[in-house]
Amino acid sequence: MNNELQKEQVRVNTVLDLITDKISKLTDETAQRRNEVINVRKNFWDEVKVNTDSFDDYLETVISLRQQSQLLAIGQINHKQSSNRLSALRRMKEVPYFGRINFTEEGLSETERIYIGVSTLMDETGENILVYDWRAPVSSVYYDYPPGPAEYDTPGGKVNGVLDQKWQYIIRNGVIESMFDTSLTIGDEILQHVLGKGTNKHMRSIVASIQKEQNQIIRYDKGRLLIVQGAAGSGKTSAALQRIAYLLYKYRNWIKADQIILFSPNAMFNNYVSRVLPELGEENMQQVTFQEYLVHRLSDAFQVEDNYEQLEYVLTAIDDPTYKTRTSSIRFKASTRFFETIKAYRQSLELSGMVFRGFKFRGKPVVTAKQIYERFYSTDTSLKFNNRLEKLTEWLNKQINEMEKQELKKTWVQDEIELLSKDDYQKAYKYLQKKQAKEDSFDDYEQETKVLGRMVVRKKLKPLREWVRGLRFIDIKGVYKQLFSNPTQIEQWIEGDTPENWEDICQLTLNMLDEGKLFYEDATPYLLLKELVQGFQSNVTIKFVLVDEAQDYSPFQFEFLKRLFPSAKMTVLGDFNQAIFAHASEMGDFNVLKGLYGPNETKVINLTRSYRSTKPIVEFTRRLIPGGNLITPFERVGDKPVLTQLSNREDLHSHIASKIEDLKKSEFNTIAVICKSAEESSEAYEALKDVEGIKHVKRNSVEYEQGVVIIPAYLAKGIEFDAVIIYDASAQVYGDEHLRRLFYTACTRAMHQLHLYSLGEVTPFLHDIDSEFLLLNQTIVHD
Ligand SMILES: Nc1ncnc2c1ncn2[C@@H]1O[C@H](COP(=O)(O)OP(=O)(O)OP(=O)(O)O)[C@@H](O)[C@H]1O
């Protein structure tokens with residue numbers, strides 16, 4: 001052991017002793033606080049005197065209740081703080097820190113050694129920092145600078161200085177396994193160390209090896225919108241999660257984890273990333289999929305198609321007679337042009353065209369749709385649309401009031417009074433007693449009948465009033481349908497030409513709506529139109545929104561998110577080379593998004609270095625896409641991808657099965673057989689189900705499975721596997737140019753090994769790839 005290492009080990013030992021000591025004290029303290037909370041809970045009602053006889057007694061009861069609740073809340077906060085601190089110390093006991101900088105602040109003569117770890121650690125006096133949290137302002141120097149002049153931002157302004165040395169440590173169980181002077185060594189040993197290992201069941205934090213450009217993403221907090229465009233495996237998701245941890249640290253007094261929301265592609269991905277924040281000592285943010293939100297808002301009116309159902313259709317239903325119509329419809333309905341059309345359509349509703357529903361009471365019309373229409377369009381058009389709707393609501397309520405008076409006189413009311421329950425009579429009696437106290441005299445019987453009658457009628461009218469309050473008299477489905485009911489009328493709202501196959505699109509849409517179904521491509525436009533008409537629902541408590549796999553969202557959906565979260569800053573992360581949905585061509589890059597909050601509020605960061613896969617895999621995958629030469633592989637050795645061409649399905653399955661067995665022997669944690677679609681996955685599973693432990697991942701799978709899985713490419717998005725087998729890379733399966741990005745997405749899931757199989761002629765995507773980058777296992781016929 002060299003001298004420097006020995007000295008550093010001594011420091012590690014001292015720090016660990018201190019941590020052990022703190023853990024032991026804090027364990028007692030936490031237990032004590034826990035007992036305090038339990039005691040308050042147990043004795044809660046003993047300390048509260050419940051007495052509501054007089055107003056003073058009531059007041060006293062409320063005060064003592066409030067005091068007890070406060071005591072409980074304080075106890076719970078104290079307990080949570082000490083138990084959080086305890087978990088942080090326990091984490092530090094394994095790895096107290098991972099980095100160090102020697103930094104000399106301008107104007108000071110002394111060079112300070114700043115050690116960086118997952119959390120702050122003070123010495124016994126509480127005055128000196130032994131370890132700085134990775135999110136502390138000074139820690140950014142570690143991630144941002146090579147030795148030389150350096151600076152960092154603090155709330156009080158910039159601090160300048162000189163970074164003399166930068167060290168990285170690998171500490172396991174309290175022992176320094178290795179330490180590197182990163183200013184001297186070439187390459188990044190920590191990265192090599194981390195990336196060389198196999199996959200984990202859950203994504204891990206990258207705190208010890210955040211790269212400079214990733215650090216920019218993590219710490220950016222200026223404009224409303226941060227756009228991250230990054231190659232496959234460049235650490236977009238990792239940086240997004242570190243960013244959340246950073247925001248929770250920086251704004252710890254202002255925001256809580258549930259004020260941050262991450263939009264992710266599916267439930268399995270949620271499960272895959274669920275450990276990163278707890279590992280960093282933070283609570284998880286809210287995680288949702290856009291689909292979940294759509295279902296939440298629309299499922300009482302429609303059966304909403306799922307985004308993967310739509311994709312599966314696009315991938316497999318080529319022979320369907322309406323295929324062309326449907327795909328044009330998907331592209332058009334996701335476009336900015338359709339968004340503008342909807343806005344223009346909504347504008348036209350100011351003058352005419354709203355669709356209303358009349359309503360009946362006891363089988364007789366109260367107001368007809370025609371009357372509502374006439375009333376609405378007789379209001380002053382200079383008023384705002386929603387004010388006009390308010391006025392209409394008032395008018396409708398008046399109609400109900402009028403009717404209430406008329407109904408009171410009718411015989412059905414008497415019949416209903418007789419059917420009233422004891423409780424109802426009691427209520428009427430109490431009401432009358434109160435009234436009697438105010439008024440000198442009245443006719444008991446007559447009054448009672450009136451009160452009971454009103455009670456009956458009001459109860460019956462309640463649903464109607466709620467109906468009006470919920471603006472259900474607006475037939476939103478009818479308003480949306482109207483947009484498609486006459487194919488030529490779109491000309492008045494659309495800019496430029498009518499979309500391709502428009503007449504057929506209209507018919508297809510109407511058919512679906514009549515069946516009570518909403519295609520995925522219709523869901524956001526429908527919801528947007530609904531909100532443009534009825535007023536927007538918004539959530540102002542959310543302060544940060546992060547959208548991962550953002551290339552799969554349409555500009556429409558972003559517009560929607562912006563309106564839904566008006567107080568939030570947005571981070572959008574994506575890669576257009578992995579845009580796999582049929583509407584993808586509508587947004588070839590994120591430039592459209594610059595208009596969302598305006599260029600001054602928008603920052604774009606590009607990530608071009610790919611960390612997930614070994615160098616030979618990246619050398620291959622980057623050749624699959626245009627502009628792939630801009631992607632730089634991280635220097636990690638490995639085997640070249642291999643292509644095996646087979647002429648019949650039995651051979652294909654036996655080769656894949658034996659490859660899986662070989663890979664299992666290499667002790668890889670995760671091996672994925674990636675298919676084009678769910679349909680192909682089912683086929684592959686049927687043929688390979690005898691492979692021991694093989695699992696079939698479907699749309700509704702929640703757990704990210706280890707071992708061997710068969711999975712459609714679109715579900716494998718965002719996650720990674722030690723070894724990937726492309727089930728069938730033939731021209732038959734990946735013949736169409738629009739599948740290039742899906743194919744690229746599938747191949748880029750591999751960390752260490754990539755094996756491609758092809759049944760017959762190979763996909764044209766591989767034709768131009770030199771055998772230097774893709775080893776051929778069998779003879780391939782090149783065109
Ligand atoms: N700075 C880093 N240090 C260590 N590992 C890293 C770093 N950056 C990325 N990685 C690793 O690279 C892999 C890919 O990262 P991640 O999934 O975040 O990339 P991505 O850009 O979201 O990929 P994709 O778009 O393909 O889903 C992960 O295993 C991650 O841990």
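**Exercise 1.** How many nonpolar, polar and charged residues does the shell around the ligand have?

*Solution.* In this predicted model, begin with the extent of the shell, in which 24 residues surround the ligand, the closest being A232, G235, K236, T237 and S238. Next, turn to the elements: α5 (189–195) and α7 are those that give two or more residues to this shell. Finally, sort the shell by class, which gives 7 nonpolar, 12 polar and 5 charged residues.

**Exercise 2.** Decide whether A231 and A232 are buried or exposed, and list what each one touches.

*Solution.* First locate the two residues: A231 sits in the loop between β8 and α7, and A232 lies in the loop between β8 and α7 as well. Then apply the cut-off, by which a residue is buried if 20 or more other C-beta atoms lie within 10 Å of its own. A231 is buried because 28 other C-beta atoms lie within 10 Å, and A232 counts as buried because it has 24 C-beta neighbours inside 10 Å. Last, leaving out residues up to four places away in sequence, A231 touches D575, L607, T608, S610 and I631, while A232 is in contact with D575, N577, Q578, S610, R612 and T748.

**Exercise 3.** Find which residues of helix α6 are buried and what covers them.

*Solution.* Within α6 (residues 212–219), the buried residues are Q214, N215, I217, I218 and R219. Their cover includes α4 (140–144), β8 (225–230), α7 (236–250) and β17 (602–607).

Technical notes
Residues are numbered from 1 along each chain as its sequence is written. This is a predicted model: local features need pLDDT of at least 70, side-chain atom pairs count only at pLDDT 80 or more; totals for chains, interfaces and linings use all residues. A residue is buried if 20 or more other C-beta atoms lie within 10 Å of its own, exposed if 12 or fewer, and partly exposed in between; C-beta atoms are placed from the backbone. Helices (H or I, at least four residues) and strands (E, at least two) are DSSP runs, numbered from the N terminus. Two residues are in contact if their C-beta atoms, placed from the backbone, lie within 7 Å. A residue is near a molecule or strand if its C-beta atom, placed from the backbone, lies within 6 Å of it. Ala, Val, Leu, Ile, Met, Phe, Trp, Tyr, Cys and Pro count as nonpolar, Asp, Glu, Lys and Arg as charged, and the others, Gly among them, as polar.
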